[in-house]
Amino acid sequence: MKKEYLNVLGDFIGIFQKLMTADFNIAISDTEKIVAALPGKTIDLNLKKGEILKDGSVALEAIYSGKSAIRQVPREVYGVPYMGRAIPLFDDNEVIGCIIVAESLDAKEKLVNMAQNLSTTIEQITAAMEENAAGLEKVAGLSYQMEQISENNLESVKETDKIVDTVYNISRQSKLLGLNASIEAARAGNVGRGFNVVAGEISQLAENSTVSTKRIADILEKLKFDNEKVSKQSGELSSVLNEIAAATEEVSASIQSLTAMSVDLVNMAENLI
């Protein structure tokens, strides 16, 4: 390429820019200064025609080395991150200038940040799900223990029912015995007067035992009803907890899949350019 063609090439950089979908600042230079330049939509390095190439620039690096040069520049330099590229132009074996392209990395940087934030959020959700799963497992264990205790209590109530029946039979027999003793004491007249007092006490004791036994039986019946209710609710709770645990496992599996996707997304975003 002849040196005089640099100006002609500069006339076509607008067409090159329109052919590309990426957002970039493009310029043509000779070995000392800018020949032509066009800013991008979001990136403008403020390159002007006739501007002397700066020491340390990617353009001079390409001109001095005779090789393509590439450099990533952070947001702090021009307010937008970009990838600077310079390709040397030759006339036979002599470098006569270069094409300079500064491609905006703003979208890539935002995508990387979004992917990293997504990855962090998923990690937090995963940790929370694991904690919830551990809590559910503990609650399920407690629910099972409650169910076992309720069943044991029901068995104890049944055994106590037998004791109450026995006490009730004793009180009934005692009452009958007191009644018979009162009859015999009445037959004995004055001689059986003292025995009649004893018979009355036995009858009263039997009556009190009957009342107390009935109260105990009522209490035990209520305990039995409450225990059956607790046992049923514990069973229902265990069933619900099992369903929640199953759903948690499905969510955890989905989160693992999202974690893998977020890692791929971060890698893809970092390797866009």
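1. Buried means under 20% relative accessible area, exposed over 50%, and partly exposed in between (1.4 Å probe, protein chains only). By that scale, 29% of the 273 residues of the chain count as buried.

2. The model is predicted: local features need pLDDT of at least 70, side-chain atom pairs count only at pLDDT 80 or more, and totals for chains, interfaces and linings use all residues. Residues are numbered from 1 along each chain as its sequence is written, and side-chain values use heavy atoms, with hydrogens and water left out.

3. Six helices and five strands make up the secondary structure listed for the chain; helices (H or I, at least four residues) and strands (E, at least two) are DSSP runs, numbered from the N terminus. Their order along the sequence is α-α-β-β-α-β-α-β-β-α-α.

4. Three salt bridges are present, each a side-chain nitrogen of Lys or Arg within 4 Å of a carboxyl oxygen of Asp or Glu. In one of them, Asp30 pairs with Lys33, with the closest N and O atoms 2.8 Å apart. Asp30 is buried at 15% relative accessible area, whereas Lys33 is partly exposed at 32%.

5. Arg71 and Glu61 form a salt bridge at 2.6 Å, N to O. Arg71 lies in strand E3 (residues 69-73) and Glu61 in helix H3 (residues 58-65), so the pair ties together parts that are 10 residues apart in sequence. Arg71 is partly exposed at 32%, and Glu61 is partly exposed at 35%.

6. Arg85 and Glu103 also meet in a salt bridge, at 3.4 Å from N to O. This pair links strand E4 (residues 82-91), which holds Arg85, to strand E5 (residues 94-104), which holds Glu103, 18 residues apart. Glu103 is buried at 18%, while Arg85 is partly exposed at 30%.
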